[in-house]
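Open your viewer and get ready to click along. We will go from one stop to the next, and at each one you will hear what to select.

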Amino acid sequence: MTRPPVGFVGLGVMGGAMSSHLLTAGFPVLGFDLDPRRRADHEARGGTVCDSPAEVARGADVVVTSLPSAAALVAVLDGEDGLSAGAGAGLVIVETSTLSPQTKLDGYERARAWGATLLDCPMSGTGQQARDGDLIAYLSGEEAAKERALPALRAFTRAQYDLGAFGQGTRMKLVANLLVAVHNAAAAEALLLAQRSGLDLDQVLAAVGDGAGGSRMLQVRGPLMAAGRYADATATVATMRKDNELIAAFAAEVASPTPLFSTTAVLYQAAVAQDRLDEDTACVFGVLQRLAGQ
């Protein structure tokens, strides 16, 4: 069966992995990224490289975006040679980035102004989970657009949760990321206690991970902590800092107290102060080790 082409703008750690799964599933993928190395990687995987988001929009009725910032979303939508310059009638944009609720709503309004429908659909999962096809899609927006987007989404996510009205996807993502931040720090704190008490960390990961104390972050990041391996980041401290700022603003907006998260955020701030911006967030274990004088 011939599958329709899918556009992809943003071919970084997450976007490159997601677009790779689309290619494996038989979708032609028209890709663009500002970084020529990422464009070359996309071509090497069998994708078609485009010179601009406009060219992507000219060749696909569904376009996925995976972007680092609000400014990047505005540029991709309405900038010179943005999607608006090449979009046909009824373009569906699946916006997978982690951005603020207001930024997503602004993107929706911008797209609607020139006849496109933007879906709020952030992903839950790390870069490694993206490579493993283990992402969860938090899908929200207009029903007809969701139906058109689902075949592509199913190719690079393990599950898709339809959360209803536009914006619910980002709200769910920020709730999930609060837990990721806390659970990651909790795993680091527990492993440091185990290490300083003389326990073997590999045994801790196996035994604790198999019991009531297990968590997804202990499973995913625990081995990196035990090995002190932070360079090949699946989610960087820089990304976590951005996400933590979004979570704090969201919680403040709805007047929801976050005492555990607020305490946890200090560890990530310490990681920034220790010049660990490009390291994996598992490095909070190293932050705690330094606090302990190791």
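The tour below visits ring pairs, cysteines and a pocket.

Before you start, note that this is a predicted model, in which local features need pLDDT of at least 70 and side-chain atom pairs count only at pLDDT 80 or more, while totals for chains, interfaces and linings use all residues. Residues are numbered from 1 along each chain as its sequence is written, and side-chain values use heavy atoms, with hydrogens and water left out.

**Stop 1: aromatic pairs**

Rings of Phe, Tyr and Trp (its six-membered ring) pair if their centres lie within 6.5 Å; planes under 30 degrees apart are called stacked, over 60 edge-to-face, and the rest tilted. The count here is 2 aromatic pairs.

Select F8 and F156 to see an edge-to-face pair, with 6.3 Å from centre to centre and 65 degrees between the planes. F8 sits in strand β1 (residues 6–9) and F156 in helix α8 (residues 143–156), so this pair ties together parts that are 148 residues apart in sequence. Helices (H or I, at least four residues) and strands (E, at least two) are DSSP runs, numbered from the N terminus.

Buried means under 20% relative accessible area, exposed over 50%, and partly exposed in between (1.4 Å probe, protein chains only).

Next, select Y108 and F166. Their ring centres are 4.9 Å apart and their planes are at 40 degrees, so this pair is tilted. Y108 belongs to helix α6 (residues 101–113), while F166 is in the loop between β9 (159–162) and α9 (168–196), so parts 58 residues apart in sequence are tied together. Y108 counts as buried at 13% relative accessibility, and so does F166 at 19%.

**Stop 2: cysteines**

Now select C50, which is buried at 2% relative accessibility, and then C121, buried at 0%. How many disulfides (pairs of cysteine sulfur atoms within 2.5 Å) does the structure hold? The number is 0.

**Stop 3: the second largest pocket**

Finally, select Q128, R131, V220, L224 and T234, which lie nearest the centre of the second largest pocket among its 15 lining residues. On a 1 Å grid over the protein atoms alone, a pocket is an open set of points where a 1.4 Å probe fits, with protein on both sides within 12 Å along at least five of seven lines; lining residues have an atom within 4 Å of a point. Helix α11 (216–227) and helix α7 (127–131) each supply at least two lining residues, and α11 gives the largest share, 4 residues.

Methods:
A disulfide is a pair of cysteine sulfur atoms within 2.5 Å.
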